[in-house]
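Hello,

Here is the structure I said I would pass on. My notes on it follow below.

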Amino acid sequence: MAFLLLFCGAEAQFSGVLGKAKDKLEQKARNAVDKGLEGASPSAESTTTSEETGKKRISMSGGFDFKAGDSVLFKSNFDKFATGALPNNWKTNGSGQLVKSGDIAGTWLELQNGATYKLNRNYKLPVQFTIEFDLLTSCDKIGDINPVTFGFANNNSVSEFNEGDIAHTQLEFYNRDKISSFAGPVNKSSYTNFDLSVFANAARHIAIAVDGEQMKVYIDKTKVLDSKMFRENAAKYFFISAPMHTDNDAKVYFSNVVIAK
């Protein structure tokens with residue numbers, strides 16, 4: 001009986017030692033895993049929000065891939081024309097006049113509501129080219145302005161509003177944060193969010209790059225379109241169209257147009 005008790009006590013003591021050793025091994029394994037996770041590169045899933053991880057959220061930044069053409073085909077040169085006139089290198093189905101402001105530098109073409117503007121020469125754009133211009137508004141709030149549309153037509157006529165439109169981008173000012181692009185011949189539509197209030201009483205730079213069937217559009221250095229918008233070998237004539245309607249005497253102007261290949 002004494003021997004049995006002694007044996008049971010030894011077995012229990014031995015089991016306790018094994019249990020402690022097992023616990024230590026498990027703790028070391030957990031520590032090793034935790035250490036490995038801390039040294040590993042975080043995945044997108046593991047850093048979704050700071051509430052889940054307690055770590056700073058990952059931020060990303062992209063490059064600016066626009067490069068203007070190095071051979072200039074056209075410059076607007078509005079400063080060479082008299083204010084109050086429509087410059088003779090542009091044509092429209094409506095009207096327009098060059099104006100100046102004491103608040104912002106340069107000479108600007110004031111767009112008339114419901115008017116489309118094209119170059120006053122029958123020049124088809126090449127396969128690869130860039131177009132840059134500045135757009136400015138005068139308004140109480142950006143929502144007072146209906147969309148401004150710019151893009152390309154298959155002819156150089158201005159007999160109608162948006163005559164010959166095949167691909168365009170539309171700044172939906174009345175929606176305040178929506179930009180839409182549409183190309184009928186290739187059945188393409190695209191939508192993106194962008195804070196359009198930055199256009200209110202301030203000039204913004206717009207750049208367009210066309211390479212064959214592909215069209216890219218940038219506002220300042222933010223890309224808002226990069227898509228196939230044309231059929232192969234499509235004829236392209238640049239146009240810009242004023243809003244059909246504005247409230248509270250809001251105005252839209254553009255200037256500093258440069259076309260290059």
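Overview

Of the 261 residues in the protein chain, 37% are buried, where buried means under 20% relative accessible area with a 1.4 Å probe, protein chains only. This is a predicted model, in which local features need pLDDT of at least 70, side-chain atom pairs count only at pLDDT 80 or more, and totals for chains, interfaces and linings use all residues. Residues are numbered from 1 along each chain as its sequence is written, and side-chain values use heavy atoms, with hydrogens and water left out.

The protein chain has two helices and 15 strands; these are DSSP runs, with helices (H or I) of at least four residues and strands (E) of at least two, numbered from the N terminus. Contact here means heavy atoms within 4.5 Å. Among contacts in the protein chain with a separation of 6 or more, 65% are between residues 24 or more positions apart.

Two residues

Ala250 sits in the loop that runs between strand E14 (237-241) and strand E15 (251-260). Ala250 counts as buried because its relative accessibility is 5%. Beyond its neighbours within four places in sequence, Ala250 is in contact with Ser138, Cys139, Asp144 and Ile145. Asn146 is 104 residues away from Ala250 along the chain, and their C-alpha atoms are 9.8 Å apart.

Ser255 belongs to strand E15. With a relative accessibility of 2%, Ser255 is also buried. The side chain of Ser255 reaches the backbone oxygen of Thr107 at 2.6 Å. Neighbours within four places in sequence aside, the contacts of Ser255 include Thr107, Trp108 and Phe133.

Regards

Notes
Buried < 20%, exposed > 50% of the residue type's maximum accessible area, 1.4 Å probe, protein only. Polar contact = N/O pair within 3.5 Å; in protein donor to acceptor, adjacent residues only side chain to side chain.
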